[in-house]
Amino acid sequence: MVELIDAPVCLKPDSTLVPLGQSDKHMQEALRTGRENTITYQVLKSHNTSADKQIKLKFDSLISHDLTYVGVIQTARASGLKEFPIPYVLTNCHNSLCAVGGTINRDDHMFGMSACKKYGGIFVPANQSIIHSYAREMLSGCGRMVLGSDSHTRYGALGTLGIGEGGGELVKQLLCRTYDIEPPKVVAVWMQGRPGHGVGPQDVALTLVKAVFQNGFVKNKILEFVGPGIEHLSMDFRNGIDVMTTETTCLSSVWVTDNRTKQYFELHGRPEAYAELAPGRNACYDGAVIIDLDKIEPMIAFPFHPSNAYSIREFRENAEEILADVEQSAQKQIDNPELHLDLRSKLHGHEFRVDQAEIAGCSGGSFENLVCAARIMKGKSIPNEFFSMSVYPASNPVLLELIRNGAVQDLMEAGVVLKPSFCGPCFGAGDVPANGSLAIRHTTRNFPNREGSKPKEHQMASVALMDARSVAATAANGGFLKSAADVEYDDQEPVYHFDESSYRKSVYNGFGHPEPETELRFGPNITDWPNMIALPENALLKVCSVIGDPVTTTDELIPSGDAASYRSNPKRMAGFTLSRRDPQYVDGAKEIQRLELLRQGGDASPELASFADGVIAALGYPSRSRGQFLQTTCFGSVIYSIKPGDGSAREQAASCQRVLGGLANICVEYATKRYRSNLVNWGMIPFLGDAALLHILRRGDLLYLPNIRQVIASGQQKIQAALIRDGKVLNDIPLTISALSEEETQIVLAGSLINYYAEGSK
């Protein structure tokens with residue numbers, strides 16, 4: 001089904017992948033030269049502005065949604081923004097449903113519209129389209145590059161390199177700076193065969209994620225999809241696989257283009273966006289993933305990750321054993337002995353019953369997925385007790401065509417609820433299941449809290465990911481799990497007609513025509529970023545959280561759902577940091593931040609004096625005056641975790657720590673480049689530390705970093721931190737500073753990207 005080749009391979013003119021040859025003493029040079037012939041490097045080369053080894057990219061366009069664009073624009077404003085230099089699309093698909101009441105979501109939309117008028121942007125109103133559907137329909141193009149402040153910025157099936165990053169990287173593009181990376185490795189995804197009956201794009205995607213996530217096989221690499229199997233896949237099918245590559249932790253993806261790609265752009269009224277993209281002669285890759293499409297089966301991914309996947313057939317044969325393993329693994333992540341994930345209660349004899357079904361978002365809400373679901377459910381009914389099913393078409397053009405071809409009628413007659421274009425089910429702000437329920441969804445993620453539950457308040461539900469076809473088959477089977485491969489339905493590719501009229505009548509396009517006299521519209525929840533000082537000579541870090549999970553997701557660092565409603569109010573949103581994973585973190589961070597604010601204000605309070613004297617005594621610095629210590633040493637908080645930052649690109653995962661006085665993270669490795677970039681752009685030091693620190697560090701410990709500013713400024717990567725506990729130095733902790741580029745060094749020294757740009761404008 002899937003084979004991994006962990007060695008360089010070459011794509012020969014006869015369209016076969018062959019090993020590059022380990023015995024070839026010139027292998028590395030051949031690989032470097034052959035890598036230049038990949039589609040990936042053809043696209044990167046056309047966007048690279050640097051003659052040096054490091055790649056410095058300028059993108060063709062940018063895109064954000066209403067969970068991130070206020071922060072991006074506020075940061076860019078504080079950094080000297082005058083107008084949007086390239087097309088910047090603001091969609092309103094994440095907080096179009098207000099989870100907490102009040103005007104704050106609509107206030108943000110008004111801010112976004114006024115920013116598009118002032119700076120020359122493109123504004124897509126709420127419920128017109130989800131971010132990635134609009135980008136596919138209106139921004140993509142063969143050989144183009146799009147940078148988005150959402151992790152699922154993936155348009156590779158359309159020949160477009162899409163990269164999802166934190167807002168700071170978009171700010172750099174808005175200020176005509178570059179996106180800087182080391183030359184990435186490229187992995188070929190060789191597709192052969194054709195999908196069988198009942199198999200959809202999510203089944204292929206989950207199979208791929210299962211094969212490469214845990215082993216980090218494609219981490220921070222670019223996936224290049226090639227092979228004869230691609231010609232058998234519709235564009236919706238390709239897009240459905242491509243968007244899920246984010247869950248592999250790859251940097252981006254790109255596919256060969258063909259006549260189907262050409263027809264897609266013609267259908268969408270943009271024939272000029274098509275170009276033939278194919279690997280050059282003897283293109284070489286750093287490895288390969290071989291996928292036999294004809295061996296893919298309908299899949300189900302259990303909590304709490306898309307990689308926790310099994311074929312539905314395998315699950316049905318071993319349900320009790322698999323569910324016991326899932327529950328045991330989940331309990332470690334929940335880390336609450338009073339709360340349990342109970343999935344075995346869903347077993348009824350040999351049948352497994354679920355409570356809710358959804359098809360939505362950038363992976364599920366496509367035209368083809370929903371047509372297939374409608375065909376399966378035509379003339380049938382969902383169970384009418386304790387079960388619900390909703391579908392969210394990805395855009396209004398998709399919805400319009402579903403209405404015209406009768407699919408909407410078939411779904412609604414089966415009892416399915418039709419809802420507008422909205423990303424809520426993907427991040428915990430829509431159709432939250434009841435406590436103890438299990439939902440099956442064709443969406444992107446099933447992380448903890450992504451279903452909207454609140455474990456801290458003993459409210460817990462869970463999500464299993466499936467393809468739309470098997471979701472529909474299960475719903476039509478009374479909620480009892482059923483593979484679409486076991487259902488007779490018309491699986492021929494449906495005919496689609498794209499109608500842009502709703503966009504023409506509702507989307508504001510001000511690119512190239514900024515109106516600088518326009519006043520930005522601020523709601524009461526929209527506030528500026530607080531002041532962040534430059535890094536002083538020394539630093540004292542208070543350990544405010546120690547997390548032993550194998551992976552810590554962005555959603556655990558800063559929850560989505562109702563907490564995200566406060567995304568435009570940095571201080572208020574910061575109060576939710578780690579709230580569903582470590583509720584003690586915020587109070588601990590605020591304690592050290594309060595002392596730091598007293599220090600910055602020159603306050604001579606007894607509390608600050610006592611704290612400083614205690615640290616000085618512990619360090620054995622009797623000759624150093626308290627005044628000198630307070631003048632040269634800043635106080636802040638730090639989090640230790642094993643592998644933080646998997647999942648969302650939301651910069652709030654880092655910025656909220658910074659707003660609370662966070663100065664650093666310590667981890668064994670960073671799950672994604674984008675989380676590490678977010679830390680740096682908010683002036684936080686990305687430390688690496690030994691896994692043994694999990695058993696050494698405790699909440700409340702202090703780490704003293706002498707001469708940290710000089711260490712970073714000089715490009716050193718090693719530092720010894722003095723571990724202080726109970727008024728005594730226990731030992732020195734060796735830390736490594738994850739390699740910083742020249743610009744990243746200056747950002748950390750300045751205290752944030754905002755400060756860095758402000759200094760440059762003086």
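Mentor: Helix α3 (residues 69-78) is largely enclosed by the rest of the structure, because 8 of its 10 residues are buried. Keep in mind that this is a predicted model.

Trainee: Which residues of α3 are buried?

Mentor: The buried ones in α3 are Tyr69, Val70, Gly71, Val72, Ile73, Gln74, Thr75 and Ala76.

Trainee: On to packing. Which residues touch the most other members of the largest nonpolar core?

Mentor: Tyr88, Met191, Phe687 and Ile708 do, in a core of 113 residues. Strand β11 (residues 186-192) supplies the largest share of this core, with 6 residues.

Trainee: What is Phe687 in contact with, leaving aside its neighbours within four places in sequence?

Mentor: Phe687 is in contact with Leu541, Ala664, Asn665, Ile666, Cys667 and Tyr670, and also with Leu705, Ile708, Ile719, Leu735, Thr736 and Ile737.

Trainee: What about the second core?

Mentor: That one is separate and has 89 residues, including Ala357, Ile376, Ala407 and Phe498.

Trainee: What lines the largest cavity?

Mentor: Its lining has 19 residues, and those nearest its centre are His94, Asp150, His152, Cys426 and Arg450. The elements that give two or more residues to this lining are α5 (131-139), α12 (361-364) and α16 (424-427). By class, the lining of the largest cavity has 7 nonpolar, 8 polar and 4 charged residues.

Trainee: And which residues line the second largest cavity?

Mentor: Arg154, Ile163, Gly164, Glu165, Tyr179 and Asn220 are part of the lining, along with Thr249, Cys250, Leu251, Thr672, Lys673 and Arg674. Two or more residues of that lining come from each of β9 (161-164) and α25 (673-681). The lining of the second largest cavity divides into 4 nonpolar, 4 polar and 4 charged residues.

Trainee: How much space lies in the largest pocket?

Mentor: About 730 Å³. The largest pocket is lined by 28 residues, and Ile181, Glu182, Asn220, Lys673 and Arg676 lie nearest its centre. Asn220 and Lys673 also line the second largest cavity.

Trainee: Which elements give two or more residues to the lining of the largest pocket?

Mentor: They are α6 (167-174), β10 (179-181), α25 and α27 (742-750). By class, the pocket lining has 12 charged, 9 nonpolar and 7 polar residues.

Trainee: Different topic. How many disulfides does a search of the whole structure find?

Mentor: It finds 0.

Trainee: What about Cys116?

Mentor: The closest cysteine sulfur to that of Cys116 is in Cys93, 14 Å away, which is too far for a bond. Cys116 is buried as well, with a relative accessible area of 0%.

Trainee: Backbone next. Where is Cys176, and what is its phi?

Mentor: Cys176 lies in the loop between α6 and β10. Its phi is positive, about 65°, although Cys176 is not a glycine. Cys176 counts as partly exposed, at 45% relative accessibility.

Trainee: And what is phi of Asn282?

Mentor: Phi of Asn282 is near 55°, a positive value in a residue other than glycine. Asn282 is in the loop between α9 (259-267) and β14 (283-285), and at 28% relative accessibility Asn282 counts as partly exposed.

Trainee: Is the peptide bond from Pro303 to Phe304 cis or trans?

Mentor: That bond is cis, with omega near 5°. Phe304 sits in the loop between β16 (299-301) and β17 (309-311).

Trainee: Last one. Where is Arg594?

Mentor: Arg594 is in helix α21 (residues 585-600), and is partly exposed with a relative accessible area of 41%. The C-alpha atoms of Arg594 and Ser648 are separated by 30 Å, with the two residues 54 apart along the chain.

Terms used
Residues are numbered from 1 along each chain as its sequence is written. This is a predicted model: local features need pLDDT of at least 70, side-chain atom pairs count only at pLDDT 80 or more; totals for chains, interfaces and linings use all residues. Side-chain values use heavy atoms; hydrogens and water are left out. A nonpolar core is a set of buried Ala, Val, Leu, Ile, Met, Phe, Trp, Tyr and Cys residues joined through side-chain atoms within 4.5 Å. Buried means under 20% relative accessible area, exposed over 50%, partly exposed in between (1.4 Å probe, protein chains only). Helices (H or I, at least four residues) and strands (E, at least two) are DSSP runs, numbered from the N terminus. Contact means heavy atoms within 4.5 Å. On a 1 Å grid over the protein atoms alone, a cavity is a set of points where a 1.4 Å probe fits but cannot get out, and a pocket is an open set with protein on both sides within 12 Å along at least five of seven lines; lining residues have an atom within 4 Å of a point. Ala, Val, Leu, Ile, Met, Phe, Trp, Tyr, Cys and Pro count as nonpolar, Asp, Glu, Lys and Arg as charged, and the others, Gly among them, as polar. A disulfide is a pair of cysteine sulfur atoms within 2.5 Å. Grid points are joined across faces, edges and corners, and a volume is the space filled by probe spheres set on the points.
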